[in-house]
Amino acid sequence: MIYFDNSATTFVSEGVRAKLQALTSDSLSANPGALHKLGNKAIDLYEGIRKETADLLGARSEEIFFTSCATESANTAIKGYMSRNKRAGNAVISTKTEHKATLECLDYLSKLGYEIRYVKVGIDGKPLIESLEEELNKGGVALACFTLVNNETGSVLPAEELFKTVKTISPSTAIYLDCVQALGKMPVNLSSIGADMCSFSGHKIHSIKGNGVLYIRKGVRIDPLILGGGQQDGMRSGTQSPVLAGAFLEALKEVSGEIDESRKKIQEINIYLRKELAQRGAKILSPDDALPYVLNVSFEGFESETMLHCLEIYDIYVSTVSACSAKQKKVSYVLLEMGVDRKTAANAVRLSFSRYNTMDEAKVFIQRVDDIYDQFLVK
Ligand code: PLP
């Protein structure tokens, strides 16, 4: 099997499996809110995991909240910020190339009467500075929402330049940053990144599904999304799970130690695939300076889904548009927004890698593409 669908989700690492086993032992399974000594043990374990996670992300413990997924983190951050900071302004700035986790929150806010202003992006997927300036200059912007690495193209946000523009024109605007596809693939240091809220997802870095993280910079006030027993400083009620938080931490530890080495390997694979695929007439849609973990490519003569199923015959797994909307059979809104023509976008396939992929797999992939062209291309 060749699994090139790691931006959709990753396999659970051996280390995380072992950690899960250890953390589900009886002696660690008490409610972290219980007053007895087993409860104390569980809360100490949980807070220890929180501290280590914060350290690895360059944050303080009290700035880290465990959630069920990045979608929950995004909902909490975006809706919670706007709900709590009504006097900050009535407008939110973003792009139309965000993940649905952000776009649907913005749609929800627009129905509540907030004004959502979309900044245009270029063919490289990056927000255009002039368009950002124009939207900011209209005033009243409470929040700006961006994504550090686009899940469909690997396009990397020029965060420093962009955030500087936001803070220069509109110093009080808060920034939410989706870091889901960046985590473990490029350095992410929350103390210097310049964002007020960030989201992360465990299942994209070889943890299990069901664990995410929300970073809220100290001093930023938001209304919690989930109300209840007041766990996690009241920001995210619900009994804390040292198991899920521990799985996230384990995956984060594993990936953090290998960022440079893995990126070098994946870069070589990416360069090889770009060259070989281009020679076969495929169009590379990921920008040249994209993060190498995502390679979006359009195969002429094959609709996205057809190519996906042809590859599947050979036990090779890729995706069409992002997995959550793939079943709706839509052409990628991200590619269209970047200015890719509809026909090219309709033939686009996303290859996405993890540190476990190899050059040998890439070579087999190319052989299989040749087989598919030979067998299925209608000339
Ligand atoms: N943001 C981006 C960029 C993603 O790629 C994804 C998942 O595909 C999400 C958010 C949502 O993550 P989760 O599945 O943890 O809710």
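The side chains of glutamate 115 and arginine 117 come together in a salt bridge, at 2.9 Å from N to O; the term stands for a side-chain nitrogen of Lys or Arg within 4 Å of a carboxyl oxygen of Asp or Glu. Welcome to a predicted model, in which local features need pLDDT of at least 70, side-chain atom pairs count only at pLDDT 80 or more, and totals for chains, interfaces and linings use all residues. Residues are numbered from 1 along each chain as its sequence is written, and side-chain values use heavy atoms, with hydrogens and water left out.

**The two domains**

- The protein splits into domain 1 (2-10 + 258-372) and domain 2 (14-256), with bounds that come from an automatic or database domain assignment.
- The centres of the two domains, taken over C-alpha atoms, are 27 Å apart.
- Contact, meaning heavy atoms within 4.5 Å, joins 31 residues of domain 1 to 34 residues of domain 2.

**Where the domains meet**

- Domain 1 and domain 2 bury about 2900 Å² between them, and 53% of this is on carbon and sulfur atoms; buried area is the accessible area (1.4 Å probe) that two parts lose on being put together, summed over both.
- On the domain 1 side, Ile259, Tyr333 and Met338 lose the most area to domain 2, together 21% of what that side buries.
- The rule finds two salt bridges across the interface of domain 1 and domain 2.
- Glutamate 254 pairs with arginine 355 in a salt bridge whose closest N and O atoms are 3.4 Å apart.
- There are also 19 residue pairs in polar contact across the interface of domain 1 and domain 2, with both residues at pLDDT 80 or more; a polar contact is a pair of N or O atoms within 3.5 Å, where within protein one must be able to donate a hydrogen and the other to accept it, and residues adjacent in sequence count only if both atoms are side-chain atoms.
- α8 (259-279), β10 (294-298) and α11 (333-338) are the elements that give two or more residues to the side of domain 1 that touches domain 2; helices (H or I, at least four residues) and strands (E, at least two) are DSSP runs, numbered from the N terminus.
- α11 gives the most to that side of domain 1, with five residues.

**Salt bridges through the structure**

- Side chains of opposite charge can pair when their charged atoms come close.
- The structure holds 20 salt bridges.
- Lys275, Glu276, Arg280 and Asp370 are linked in a network of salt bridges.
- Arginine 50 and glutamate 47 meet in a salt bridge (3.4 Å, N to O), and both lie in helix α2 (residues 37-57), three residues apart, about one turn of the helix.
- Glutamate 52 and lysine 253 form a salt bridge as well (3.3 Å, N to O), which links distant parts of the chain: glutamate 52 is in helix α2 and lysine 253 in helix α7 (residues 242-256), 201 residues apart.

**Buried or exposed?**

- Buried means under 20% relative accessible area, exposed over 50%, and partly exposed in between (1.4 Å probe, protein chains only).
- Arginine 117 counts as buried at 7% relative accessibility, while glutamate 115 is partly exposed at 37%.
- Arginine 50 is buried, with a relative accessible area of 4%, whereas glutamate 47 is partly exposed at 31%.
- Glutamate 52 is partly exposed at 36%, and lysine 253 is partly exposed at 35%.
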